[in-house]
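Here is a short briefing on one structure. Keep the model open as you read, and find each part as it comes up.

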Amino acid sequence: MSVNRAQRVDLEVVAGLIPARSRVLDVGSGDGLLLELLQATKQIDGRGLELSQRGVNECVARGLSVIQGDADTDLEFYPDKGFDFVVLSQTLQATRNPKLVLDELLRIGNRAIVSFPNFGHWRVRLSLFVKGRMPVTKDLPYSWYDTPNIHFCTIRDFVNLCEELGATVERATALDANGQKIGLSMPWWFWNFFGQQAVFLLKR
Amino acid sequence: MAVPRPGRTNSEIDAPSSPVLRFGADKPLKLDAGTLLSPFQIAYQTYGTLNDARSNAILVCHALTGDQHVASTNPVTGKPGWWEALIGPGRIIDTNRFFVICSNVLGGCLGSTGPASTNPATGKPYGLDLPIITIRDMVRAQLMLVDHFGIEKLFCVLGGSMGGMQVLEWASTYTERVFSALPIATGARHSSQNIAFHEVGRQAVMADPDWHGGKYFEHGKRPEKGLAVARMAAHITYLSEAALHRKFGRNLQDREALTFGFDADFQIESYLRHQGMTFVDRFDANSYLYMTRSMDYFDLAADHGGRLADAFAGTKTRFCLVSFTSDWLFPTEESRSIVHALNAAGASVSFVEIDTDRGHDAFLLEEPELFAAINGFIGSAARARGLSA
């Protein structure tokens with residue numbers, strides 16, 4: 001758990017946005033780390049949706065309420081405002097239709113929490129600018145031809161999409177390469193340049 | 001084991017070795033067919049002890065040709081209980097911790113009222129005079145058994161295949177009586193293909209001259225050939241092409257070469273014949289007709305205006321569904337449509353699809369991932385219910 005935790009600082013940021021005993025749907029719940037963290041620390045009523053069958057079976061064997069499904073196709077079955085929070089952590093960039101997925105999150109949850117890797121980070125820009133190659137970094141370890149991440153965006157892109165969908169950004173956090181939060185007073189361009197990951201709390 | 005024949009399939013019909021709950025004229029059962037069944041009886045087995053709060057009861061629902069002997073030796077076949085690998089002292093469903101109830105379904109042939117039972121009006125077996133029994137009728141009868149034990153809310157209802165249909169019916173019609181539900185390898189309705197297979201089986205039974213319009217006991221006969229063929233056809237649907245090929249391939253049965261005749265040259269033929277023959281020793285042919293019909297009639301969405309989610313509206317029950325990749329009788333999509341309906345109803349639901357080539361029957365086998373899922377689900381439900389470990 002500790003190894004994963006170090007890699008997924010964003011989970012703690014996400015957890016910090018969710019009050020105790022909330023109803024939470026974790027879309028792309030993976031190995032169930034966030035749900036377990038939230039159940040242990042916040043006594044939430046948590047559900048998971050995960051693409052990988054193996055991940056699902058392991059979650060269920062550990063007592064988590066998780067189903068196999070695809071964020072691109074299976075969110076339509078959830079009722080409007082069925083959850084206090086719908087979380088999409090590090091999954092948006094792997095969906096086929098991020099706009100539709102985000103729209104569904106805002107429909108299903110009173111609030112949506114979205115975290116994603118920022119493609120506007122200076123290392124990414126440097127790789128493209130200097131080497132002329134698609135970036136392969138510690139956090140984005142895939143080559144262009146085998147990456148599951150088919151829809152990268154920058155923090156600026158994401159803010160624009162939120163505006164398009166009529167979502168209000170209630171809170172936003174950018175994490176630098178060391179997992180440290182970037183100061184709130186900094187402007188968007190600064191976040192977009194130095195933020196390696198971003199976590200947004202949205203409402204519509 | 002000696003089986004009396006011809007005559008009744010076994011001695012477990014009117015006066016079974018299992019405990020029996022009898023309902024007299026004061027407690028008739030209103031059937032979906034529109035008639036009242038009275039008197040009637042339910043044969044059952046229990047394992048473990050009901051706690052003082054009556055909060056640790058698990059109801060197991062058996063499949064088409066199953067029975068109440070889920071974790072104890074079957075008196076007809078002498079074989080171990082059909083889910084003994086899962087249920088018993090120290091097992092995943094630990095009978096030191098839980099009170100497990102399993103009853104023979106209404107329409108069955110191991111002690112609950114069914115077509116082989118004596119019709120008190122005539123003194124002869126019901127035969128086809130028994131009204132058609134539905135899955136909901138079975139569940140209504142189970143509810144009367146649960147009430148008999150004074151259990152307000154079952155901790156869990158679980159079962160596979162036809163048992164899974166009963167679980168869904170329980171969770172839909174009596175959701176406030178069910179804390180958690182575990183339907184395995186099942187569907188919210190019987191598909192056209194499944195009805196078709198059942199019809200083949202029924203026609204095989206009814207085409208047997210020994211069936212005598214269902215009155216075979218009165219003729220001192222039993223439609224063994226027809227029932228055996230029905231079982232053979234059905235048995236194929238419980239397996240998978242891959243598993244059949246793995247187990248039997250084109251291997252020959254006790255011979256070096258093809259005989260150029262219609263003997264059981266192939267192992268698979270011999271295997272199916274054996275399955276058919278052993279089945280007729282333990283199962284009543286008319287009961288087989290009634291059981292298959294009950295599954296055919298099951299359509300939970302149709303009972304709720306065509307929208308499956310409405311069958312679960314407002315449910316507080318925790319669900320876990322399980323399907324198997326090679327199950328072509330109840331393919332994963334059947335479970336997935338239930339999951340979607342439960343999502344729409346805002347229910348708490350887990351769903352596990354298990355990768356196996358063992359087909360529909362995988363739910364009866366020691367499948368490690370199935371047991372792990374049941375263990376995880378039961379464990380977390382028990383914590384939520386406040387049951388001590």
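**Two domains in chain B**

In chain B, 26 residues of domain 1 are in contact with 22 residues of domain 2. On the domain 1 side of this contact, the residues divide into 12 nonpolar, 10 polar and 4 charged. This is a predicted model.

- Domain 1 of chain B covers 20-190 + 303-385, and domain 2 of chain B covers 194-293.
- The centres of domain 1 and domain 2 of chain B, taken over C-alpha atoms, are 26 Å apart.

**Where chain A meets chain B**

- Between the chains, 16 residues of chain A are in contact with 20 residues of chain B.
- On the chain A side, helix 4 (53-61) and strand 3 (66-68) are the elements that give two or more residues.
- Helix 4 of chain A gives the most to that side, with 5 residues.
- By class, the chain A side has 8 nonpolar, 6 polar and 2 charged residues.

**The sheet of chain A**

- Chain A has an open sheet of 7 strands. Their order is 3-2-1-4-5-7-6, and the pairing is mixed.
- Which strands stand at the edges? They are strand 3 and strand 6 (168-175) of chain A. Each has a single partner strand, so one side of each has no neighbour in the sheet.
- On average, neighbouring strands of this sheet are turned by 15° against each other, direction ignored.
- Strand 6 of chain A pairs with strand 7 (residues 197-203) of chain A. The pairing is antiparallel and runs over 7 bridges.
- Look for A:Arg171, which stands opposite A:Leu201 in strand 7 of chain A.

**Helices across the sheet of chain A**

- Helix 6 (residues 98-108) of chain A lies across strand 1 (23-27), strand 4 (83-89), strand 5 (109-117) and strand 7 of chain A. Helix 6 runs at about 145° to strand 5 of chain A.

- A:Val9 is found in helix 2 (residues 9-16) of chain A.
- Is A:Val9 buried, exposed or partly exposed? A:Val9 has 18 other C-beta atoms within 10 Å, so A:Val9 counts as partly exposed. The cut-off for buried is 20 or more.
- Leaving out residues up to four places away in sequence, A:Val9 touches A:Leu175 and A:Gly179.
- Compare sequence and space for A:Val9 and A:Gln180. They are 171 residues apart in sequence. In space they are 8.7 Å apart, C-alpha to C-alpha.

**The sheet of chain B**

- Chain B has an open sheet of 8 strands with mixed pairing. The order is 1-4-8-5-9-10-11-12.
- Strand 1 (20-23) and strand 12 (348-354) of chain B stand at the edges. Each has a single partner strand, so one side of each is left without a neighbour in the sheet.
- From one strand to the next, the twist averages 20°.
- Strand 10 of chain B runs parallel to strand 11 (residues 318-324) of chain B, and 3 bridges join them.
- B:Ile184 stands opposite B:Val322 in strand 11 of chain B.

**Backbone points to look up in chain B**

Most residues other than glycine have a negative phi, and most peptide bonds are trans.

- B:Ser38 and B:Pro39 are joined by a cis peptide bond, with omega about -10°. B:Pro39 sits in the loop between strand 3 (36-37) and strand 4 (40-47) of chain B.
- B:Ala185 is not a glycine, yet has a positive phi of about 45°. B:Ala185 lies in the loop between strand 10 (178-184) and helix 3 (192-207) of chain B.
- Is B:Ala185 buried or exposed? B:Ala185 is buried, because 30 other C-beta atoms lie within 10 Å.
- B:Phe260 also is not a glycine, and has a positive phi of about 55°. B:Phe260 is found in the loop between helix 5 (241-247) and helix 6 (267-282) of chain B.
- B:Phe260 counts as exposed, because B:Phe260 has 7 C-beta neighbours inside 10 Å. The cut-off for exposed is 12 or fewer.

Notes:
Residues are numbered from 1 along each chain as its sequence is written. Chains are lettered from A and ligands numbered from 1 in the order in which they are written. This is a predicted model: local features need pLDDT of at least 70, side-chain atom pairs count only at pLDDT 80 or more; totals for chains, interfaces and linings use all residues. Two residues are in contact if their C-beta atoms, placed from the backbone, lie within 7 Å. Helices (H or I, at least four residues) and strands (E, at least two) are DSSP runs, numbered from the N terminus. Ala, Val, Leu, Ile, Met, Phe, Trp, Tyr, Cys and Pro count as nonpolar, Asp, Glu, Lys and Arg as charged, and the others, Gly among them, as polar. Domain bounds come from an automatic or database domain assignment. Two strands pair if DSSP finds at least two bridges between them. Axes are lines fitted to C-alpha atoms, for helices over the stretch in contact, and angles run from 0 to 180 degrees between N-to-C directions.
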